[in-house]
Amino acid sequence: MVKITDVARRAGVSPSTVSYALSGKRPISDATRRRVQAAVRELGYRTDDGGRSRSGARAKVLALAVPMRPGIHVPVVTQFAVSVVTAARARDHDVLLLTQGEGDEGIGRVTETGLADGVIVTDVQLQDPRLPLLRSCSLPSVLIGVPAEADGLTCVDLDFRAAGELCVDHLAGLGHRTVALVGSPPEVYVRRTAFARRLVEGFTAAAGRHGLASAALPCGTGRDAARAVAERLLRDLPALTAVVVHNEPLVDPLIDAFEQLGMRVPGDLSLTAVCPATVAAAARVPVTSVAVPAAELGARAVHLLIRKLSGAPVPGTTLLPPRLTERASTAPRGH
């Protein structure tokens, strides 16, 4: 069976451009439309969606797009996947996992073949290359994450900008005047991943609002990376007394690195994190944190997608408010 990706390859365009050219939902240049139409004729491509749209039958399957890209933290991704599977099974649906790292080919295949009734999309970028296809194709979708332009999409996520602000507000309230953000790996920011960028925005805005000296640095994973970023922060910000961590694997290595450099947590340095509650609670020094509610986000995404499949109205964007839990890693400045 000829697929939309075959047409795109023959015409030298993306699958979303083929979809736009055939549906007329977005303006496409005449030259591009002619190339797409020629490829359609040459290959004998027919849009069909597996025949289900005509018969009304459903696959009772939801697709979950989890691109396995550099810089992702697999345990957190697993939490999202498990929550989606659990919520889908409670509604008598199975889950098809799509792990292709880049592009929209996997979503295009699901749309063409009718293998799934809808798709949940994760690891959303501010300018995500999958969005044109999601907007133009017939497959209902929900994004766990919010791109820069969310019009016409259904999105759910933790309010990461507010989470960054909440961490800084807590530290400022304890009297800290110099704070740093140890962020996600560099490749996450290079991709302009939405949640990471928004947390930096919130951190920076709150630090400015409180008049704090601050710095934000990306960081890889592992003890060597933790040691290097701790050394750099203490060199660049000698008055540093508080750190926000947005990089789950680094929580314990950072505590160790700062203590090896003479900064005890929380006596000399208060540390907060945005991470799953299980990670924060299990740290060598239990960490004050804003929880990433993976189970709730997965369940909300499934709920929204099932409502869309039933034709019920759904909100465009749902942001879950952050909640901070105090633990042993934060204390008043100079405590």
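Predicted model: local features only at pLDDT ≥ 70, side-chain atom pairs only at ≥ 80, totals over all residues.
Figure 1. Strands of a sheet pair through backbone hydrogen bonds, in either a parallel or an antiparallel manner. Within the sheet, strand β6 (residues 178-182) runs parallel to strand β8 (residues 242-245), and four bridges join the two. One place to look for this pairing is L181, whose bridge partner in β8 is V244.

Figure 2. Another open sheet of six strands has the order β2-β1-β3-β4-β5-β11, and here the pairing is parallel. At its edges stand β2 (94-98) and β11 (317-320), each with a single partner strand, so one side of each has no neighbour in the sheet. From one strand to the next, the twist averages 20°. Helix α5, residues 74-90, packs on this sheet and touches β1 (61-65), β2, β3 and β4, while its direction makes about 150° with that of β2.

**Figure 3. Strand β4 between its partners β3 and β5.** Strand β3 (residues 118-121) pairs with β4 in the parallel sense over three bridges, and in this pairing V119 stands opposite S141 of β4. Strand β5 (residues 155-158) also runs parallel to β4, to which it is joined by two bridges, and here I144 stands opposite V156 in β5. Strand β4 itself, residues 141-144, is covered on both faces, with S141 and L143 buried on one side and V142 and I144 buried on the other.

**Figure 4. The surroundings of S141.** S141 is placed in strand β4, and its relative accessible area of 5% is the reason why it counts as buried. When neighbours within four places in sequence are left aside, S141 is in contact with V119, L134, T154, L305 and K308.

Figure 5. A295 lies in helix α14, which covers residues 294-309, and with a relative accessible area of 54% it is exposed. Although A295 and A81 are 214 residues apart along the chain, their C-alpha atoms are separated by 8.9 Å.

Figure 6. A cis peptide bond, with omega of about 5°, joins V265 and P266, and P266 is placed in the loop between α12 (251-260) and β9. D92, in the loop between α5 and β2, has a phi near 65°, a positive value in a residue other than glycine, and its relative accessibility of 48% makes it partly exposed. D123, which lies in the loop between β3 and α7 (131-136), likewise has a positive phi, of about 50°, although it is not a glycine. At 13% relative accessibility, D123 counts as buried.

**Figure 7. The whole protein, for orientation.** The protein has 14 helices and 12 strands, and its C-alpha trace spans about 75 × 45 × 35 Å along the principal axes. Of its 335 residues, 50% count as buried, and the protein exposes about 14,400 Å², of which carbon and sulfur atoms supply 53%. Among the contacts with a separation of 6 or more, 73% are accounted for by residues 24 or more positions apart. The mean positions of the 39 positive and 32 negative charges are 5 Å apart.

Notes. Residues numbered from 1 in each chain as written. Heavy atoms only, no water. Pairing = 2+ DSSP bridges. Buried < 20%, exposed > 50% of the residue type's maximum accessible area, 1.4 Å probe, protein only. Contact = heavy atoms within 4.5 Å. Areas by Shrake-Rupley, 256 points an atom, 1.4 Å probe, with all protein chains shown as cover. Lys, Arg positive; Asp, Glu negative; His and termini not counted. Charge placed at Lys NZ, Arg CZ, Asp CG, Glu CD. Axes fitted to C-alpha atoms, helices over the stretch in contact; angles between N-to-C directions.
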